[in-house]
Amino acid sequence: MRPGAKLAAYSAVLVAVLGGGAAVGGAVGPIDTESDDPPTHQEEHVAADAAETDDTGDTGGHGDDDAHTEEQAMPGGTLIADQGYRIDADDTTLDTTSPAPFAFRIVGPDGTPVEDFVTAHEKELHLVVVGTDLGTYAHLHPERDSDGTWSTDLPALAPGTYRAFADFAVTDGPELTLGVDLTIPGATTVAPLPEPSRTAVVDGYEVTLSGDPTAGADTEVELTVARDGEPVTDLEPYLGAFGHLVAIRGGDLAYLHVHPLGDEPHDDDRGGPAVRFALQVPSAGEYRLFFDFAHGGEVHTAAFTVAVPDGPGGPDGGAS
């Protein structure tokens, strides 16, 4: 998530690594928080990660370099642990029918909470929370205390399953997006993804998406903001940019976070109506795009469903 950086290509394997990464479905019953089911993929990965870390903090036991490389190439946000780092949440079963606190740590290869992060777009860590049906979205910025614990208040959430993505870069270490599944107990209904559309209306703003993302290819996309039929030319800087774009793949909830093309604005700069992004989508499929922009002293989020086709060279553009 470093400024001006183009999103790196991810693996094209569509695999639900976390327990909540189920494909979008229809109505489901109450969520059972006391199940005797076998461990989820998320739990298995945590166990494997712990088993592969010796008491010096080094990771090993993959058998060969190719296996380790394959694990590192998994899409962002589908792993709770990667390259020796893991997200450790205080509680993943929550009651947030009203705003409630959520706390977690990023634990490093040495088994202690990480305390040195790179500041990117004015924050050391960005936390994005989505419903597994991609109908709910929140972009949050938790605060870190002296012992390395991050905390924030989650918005009120309906019963269901959610994924929280921690997007960060470690000083002199990797840039990672780790994901953890959250459960809000109660009867829930999972909605299908909205149909693909190039326009979205939010808070009285009309936002238009242009550009054609293609699997395995670099694509420039543009978001144009209007209000009452007139272009908005005084977008305000938000976290060091005129807009932020998050793309999440339907099914496994693979996470992509990109930033606008161009220089970062100063506090007194104004932009718009168009904000451009460099986007590299790893595989064909349906994606949900969330565009954050600031105007009138408030942050607004426009959401789009985009059907991404295969690129040249075969399925998924030849991505591996």
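**A walk through the loops and a cavity**

Pro-273 sits in the loop that links strand 15 (255-258) with strand 16 (274-280); strands here are DSSP runs of E of at least two residues, numbered from the N terminus. The peptide bond leading from Gly-272 into Pro-273 is cis, with omega near 5°. Keep in mind that this is a predicted model, in which local features need pLDDT of at least 70, side-chain atom pairs count only at pLDDT 80 or more, and totals for chains, interfaces and linings use all residues. Residues are numbered from 1 along each chain as its sequence is written, and side-chain values use heavy atoms, with hydrogens and water left out.

Two other loops are worth a visit. Asp-172, in the loop between strand 8 (160-169) and strand 9 (175-184), has a positive phi of about 60° although it is not a glycine. Leu-253, between strand 14 (244-249) and strand 15, also has a positive phi, near 65°. Buried means under 20% relative accessible area, exposed over 50%, and partly exposed in between (1.4 Å probe, protein chains only). Across the protein, buried residues make up 47% of the 320 residues.

Now look inside. The second largest cavity holds about 30 Å³ of space; a cavity is a set of points on a 1 Å grid over the protein atoms alone where a 1.4 Å probe fits but cannot get out, and lining residues have an atom within 4 Å of a point. Its lining includes Pro-213, Tyr-287 and Val-308. Strand 17 (285-295) and strand 18 (298-308) each supply at least two lining residues.

Conventions
1 Å grid on protein atoms, 1.4 Å probe; cavity = no way out; pocket = protein on both sides within 12 Å on 5 of 7 lines; lining within 4 Å. Points joined across faces, edges and corners; volume = space filled by probe spheres on them. Helix = DSSP H or I, 4+ residues; strand = E, 2+ residues; numbered from the N terminus.
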